[in-house]
Amino acid sequence: RQPERMFQAQVVRTAELMGWRVYHTHDSRRSAAGFPGLVLVRRPRVNFAERKAERGRLTDDQRAWLHALDGCTVERYLWRPSDWQRVERILR
């Protein structure tokens, strides 16, 4: 089992190697609850990604943000360590 922190580091490292600009709020206590943990940009794409450990659960606020992004012309994802091949494919 891969902890969320290690999984996030792997995603960020891979995204940067593939030319993505990556944003992550390190201390979100003063931010709106539930905003996706990663924003990745590589023109013309913008990805909003929430990462969770295999058994990690979304909060209601996280679910609401991902739902709000569903109808937008951006990409949004929930990534878990078992999705690694998919993550790599998306970041290519």
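**Close-up views of a predicted model**

**View 1. Ring pairs link Phe-35, Phe-48 and Trp-65 into a cluster.** This is a predicted model, in which local features need pLDDT of at least 70, side-chain atom pairs count only at pLDDT 80 or more, and totals for chains, interfaces and linings use all residues. Residues are numbered from 1 along each chain as its sequence is written, and side-chain values use heavy atoms, with hydrogens and water left out. Rings of Phe, Tyr and Trp (its six-membered ring) pair if their centres lie within 6.5 Å; planes under 30 degrees apart are stacked, over 60 edge-to-face, and the rest tilted. The whole structure holds 4 aromatic pairs.

View 2. Phe-7 sits in helix H1 (residues 4-17) and Trp-84 in helix H3 (residues 84-91), so the pair links distant parts of the chain, 77 residues apart. Helices (H or I, at least four residues) and strands (E, at least two) are DSSP runs, numbered from the N terminus. Both Phe-7 and Trp-84 are buried. Buried means under 20% relative accessible area, exposed over 50%, and partly exposed in between (1.4 Å probe, protein chains only).

**View 3. Phe-35 and Phe-48 form an edge-to-face pair.** The centres lie 5.9 Å apart and the planes make 85°. Phe-35 is in the loop between strand E1 (21-23) and strand E2 (38-42), and Phe-48 is in strand E3, so the pair ties together parts 13 residues apart in sequence. Phe-35 is partly exposed, at 36% relative accessibility. Phe-48 is buried, at 13% relative accessible area.

**View 4. Helix H2 (residues 60-70) has buried residues Gln-62, Leu-66 and Leu-69.** Seen down the axis of H2, these fall within an arc of 60°, so they line one face of the helix. The arc is that of the directions from the helix axis to the C-beta atoms. The face turned away from the buried side carries exposed Asp-60 and His-67. Strand E3 (45-51) and strand E4 (75-79) are among what covers the buried residues.

**View 5. Helix H3 buries Trp-84, Val-87, Ile-90 and Leu-91.** Down the axis of H3, they fall within an arc of 125°, so they line one face of the helix. Exposed Gln-85 and Arg-89 are on the face turned away from the buried side. The buried residues of H3 pack against H1, E2, E3 and E4. Contact means heavy atoms within 4.5 Å.

**View 6. Ile-90 has its place in helix H3.** Ile-90 is buried, with a relative accessible area of 11%. Neighbours within four places in sequence aside, Ile-90 is in contact with Trp-20, Arg-45, Asn-47, Glu-75, Tyr-77 and Trp-79. From Ile-90 to His-67 is 19 Å in space, C-alpha to C-alpha, and 23 residues in sequence.

**View 7. The largest pocket holds about 260 Å³ of space.** A pocket is an open set of points on a 1 Å grid over the protein atoms alone, where a 1.4 Å probe fits, with protein on both sides within 12 Å along at least five of seven lines; lining residues have an atom within 4 Å of a point. Its lining has 17 residues, with Thr-25, Ser-28, Phe-35, Pro-36 and Gly-37 nearest its centre. The lining divides into 5 nonpolar, 8 polar and 4 charged residues. Ala, Val, Leu, Ile, Met, Phe, Trp, Tyr, Cys and Pro count as nonpolar, Asp, Glu, Lys and Arg as charged, and the others, Gly among them, as polar.

Notes
Grid points are joined across faces, edges and corners, and a volume is the space filled by probe spheres set on the points.
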